[in-house]
Amino acid sequence: MSVLAAQGLRKSFGAVTAAADISLSFDADTVVSLIGANGAGKTTFLNMVTGYLRPDNGRIIFDGRDIVGLSPRQITNLGVSRSFQIPQLFQTLNVHDNLLLAESIAQADDPQAATDAVLERFALRAYAAQPAGLLPEGIRKLLDVAMALSSRSRLLLLDEPTSGVSADEKFTIMDVVMGAARAAGVTVIFVEHDMDIVARYAARVVAFYDGGIIGDGPPEVVLRMADVRRYVIGEEIHAAA
Amino acid sequence: MNNILSVAFDGIVYASWLFLMSAGLTLIYGVMRILNVAHGSLYALGAYAACSLAGAWLTAGLPAAGSFAMLLAAAILVGCVFGPLLERGLLQWMYGKDEVVLVLITYAVFLIMEDVIKLVWGVDSMLLPEPYALPGNFMLGGLAYPVYNLIIIAIALVTGLALAFALHATRRGKLLLAVIHDREISMAMGIDIGRVYLATFALGATLAALGGAFTAPTVAVTPGIGVEVIVLAFAVVVIGGLGSLSGAAIGALLVGLVRSATVRYWPEAELFSIYAVMAIVLIARPKGLFAAQEARKI
Amino acid sequence: MKAIAAAALAFAALIAVALLAPQWLVFMSMLVLAKGAVVLGLVVLMRTGLVSFGQGLYFGIGAYAAALLSHHLRIADAAAMLLAGAVAAGVVAALLGLLLANYREIFFAMLSLAFSMILYGLLVKSAALGSTDGLHLQARTLFGIALASGTERRIFLIAGAICVVIAALAVHRLLGGHWGRLATAVRDNELRVAYLGASPFRVVYVNYLIAGALAGLGGALVALAVGHVDPDTAYWTTSGEFVFIAILGGTQSIAAPFVAAAIFEALRTVASQYAPNVWQMSLGLGMLAIIMFLPAGLWSLARRRSAA
């Protein structure tokens, strides 16, 4: 059962091709990772799916309807949520109010109770009264994702959830995020540069290069492909003797 | 035909004067991200200084033609003394504050200057008709026009071309353009932002004072002449695109011609027309005619 | 229910002034109430991150709506005038807001300024509206009840107090709950608001409407107080005064605009008596001082003291 399907997406910025005829389909209740070097087209893909950018050509089908041309607000209201590379928070509001706002906008039956539940699930209770602008980076990331996971989301897009987070915190954060997403039955697509994270949490990996897809399959397969090694992960310089 | 000619001429004269005001304003905004309300005070100071200097010159019996040099001297004096005074004395401590707060700060300076001018020069109007009458008249389409108006147009043209040349063809000018484009990168590249700010503000102030100095012979110089000018200059700068010199020129031309036409054909709408043009331009091009492209945020 | 208690207290004080105080204090109180209302609207917008340099537009509309009722429709009723002021301004705000709510920061400020200057230009050139001389007005009834000569302003003050206190309480309620958080969110990060599913445009639009209606109410109230309206109500320096008072009071409390307006009026009265030539300079220096040392307005002084 496909929850999101991109068909023939094209997007250019002048001479730069960010998307060259991308067609991808995502099933419900899976975890997929998008990998690729900077400029390969991953964030452009997320931006097109969430309505921030309009593709030059192609369709994006979510839940049976073409969402190309809809605004981020409309697409969010259909059930597609997103977290950001640089956390997009409300700096002067405290953590509690950031979450309360997200729940109220999503029209949860009891926003206060929903907020409390999120604070628990994401272990943010200790930071509840702190202004979002003063949080450590890892907590900012968590808050960013927690806000995206408000009541209505069915598809969650994470843009580099562990970038800027210290090595020892990465797994903790991903455990919390993935746990919460799975508990809510949400399909997850995450962009990531850290291959350990990719291998650990993704059931499927899609590798981007130069606006196109060079690999699509389980992590064990894709992460070993020659092209993926050459253009995304990196090759061994010193071969074993 | 005569009508159109005179409307066009009047429009161009008005546009020249507007351009002098707006060029400085748009440069200051482009470089320093300050929408300088005190520009109106600098204009007024230029006018008053011109009256005093040129007035003293003429009273001393010196050749009347020299009074033009005095107008120029007044502008340079005001711009190169008060510009740096304002920038070093106050504004340099305020960089980094929100753009709208900076507007409020320059508005506060404007209010202060209004009263300072009244204290120094009094509330009576000052007149300096000699430079205006001196060059005589010329005929255009059967009507007599003061040659002085041609001088204003000439000054605006020369200033505009000089600025354009300086910005695009000299090293210092290109540094300025770099700072307009991206302040942070410019600093990272080693450009001395403090000096650029000081120079820009002094230049902008001089341009404003120039506008005031050369307007002085055509009006009665009273406290408050800066007030309406500043709002007009804003309109021009916003129409043209904040930070764009060519925008200021085109905006000034547009506003000048529209105003001239409304004064001739629909006088009730004079004050209204300029702001209506601004509103219409912003509806079609939200950031002004020549505004810079903005980069992606996420 | 601290807010209701405070409002009741303020209302009682205003009634006391209306009934007992000398005419000059009644007059000044009307001005404070009126300007405070305009500034309250500005505060609502500032919570959303926007500063309007053109509230003079709605202030002027409110004032002239009141004057035109008496001039052209022969309605000399204070209640009708207050209503007309708020409604006329509200209708224009509803229309202009559709355009202005698309803009932010400098452009919002400049566009709002432009529209107020458009009105100014229209008023100055319009002989039917009195041009630079303006129009006189005198309300003689309230809800149809004739007012005893000499007591008009006292009654106007009471009517104004009722309207403004109710409006202030409503705004307090609004800003204290979800809508207030949403406004702050729009100010902090509009993009995220959209990505959560809400419409920043709608938030700005509604707040702009509220600010416009409040300014219209203020304009009508001033018209009743002074008995005369002129184009200066729409001039940009009038709008600048409102912004000054908003900064003076800060955006943290609903009472702040009124306290700041009171201080402002008191200072203005004193200055026009003893030092008319340095009034603008004092305003400018005051603004600089507040921006540099008390960026949250005078209200932050009160909070510091209570926290200490």
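How many residues of chain B are in contact with how many residues of chain C?

Analyst: This is a predicted model, in which local features need pLDDT of at least 70 and side-chain atom pairs count only at pLDDT 80 or more, while totals for chains, interfaces and linings use all residues. Residues are numbered from 1 along each chain as its sequence is written, with chains lettered from A and ligands numbered from 1 in the order in which they are written.

In the contact asked about, 35 residues of chain B meet 35 residues of chain C; two residues are in contact if their C-beta atoms, placed from the backbone, lie within 7 Å. On the side of chain B, the elements giving two or more residues are α4 (99–121), α10 (225–240) and α12 (270–284). Helices here are DSSP runs of H or I with at least four residues, and strands are runs of E with at least two, numbered from the N terminus. The largest share of this side, 16 residues, belongs to α4(B). By class, the side of chain B that touches chain C has 28 nonpolar, no polar and 7 charged residues. Ala, Val, Leu, Ile, Met, Phe, Trp, Tyr, Cys and Pro count as nonpolar, Asp, Glu, Lys and Arg as charged, and the others, Gly among them, as polar.

Chain C also touches chain A, in a contact that takes 15 residues from chain C and 19 from chain A. The elements of chain A that supply two or more residues to that side are α2 (72–78) and α3 (95–105). Of these, α3(A) gives the most, 5 residues. The side of chain A divides into 9 nonpolar, 7 polar and 3 charged residues.

Within chain C, the axes of helix α2 (residues 23–47) and helix α9 (residues 200–226) come within 8 Å and cross at roughly 170°. α2(C) is therefore roughly antiparallel to α9(C), a term for angles over 145 degrees. Axes are lines fitted to C-alpha atoms, for helices over the stretch in contact, and angles run from 0 to 180 degrees between N-to-C directions. The contact of α2(C) with α9(C) has 20 nonpolar, 3 polar and 1 charged residues.

Chain A holds an open sheet of 6 strands, ordered β6-β7-β8-β3-β9-β10, with mixed pairing; strands pair if DSSP finds at least two bridges between them. Its edge strands are β6 (80–83) and β10 (212–217), and the twist averages 15° from one strand to the next.

Methods
Angles under 35 degrees count as roughly parallel, over 145 as roughly antiparallel, 65 to 115 as roughly perpendicular and the rest as oblique.
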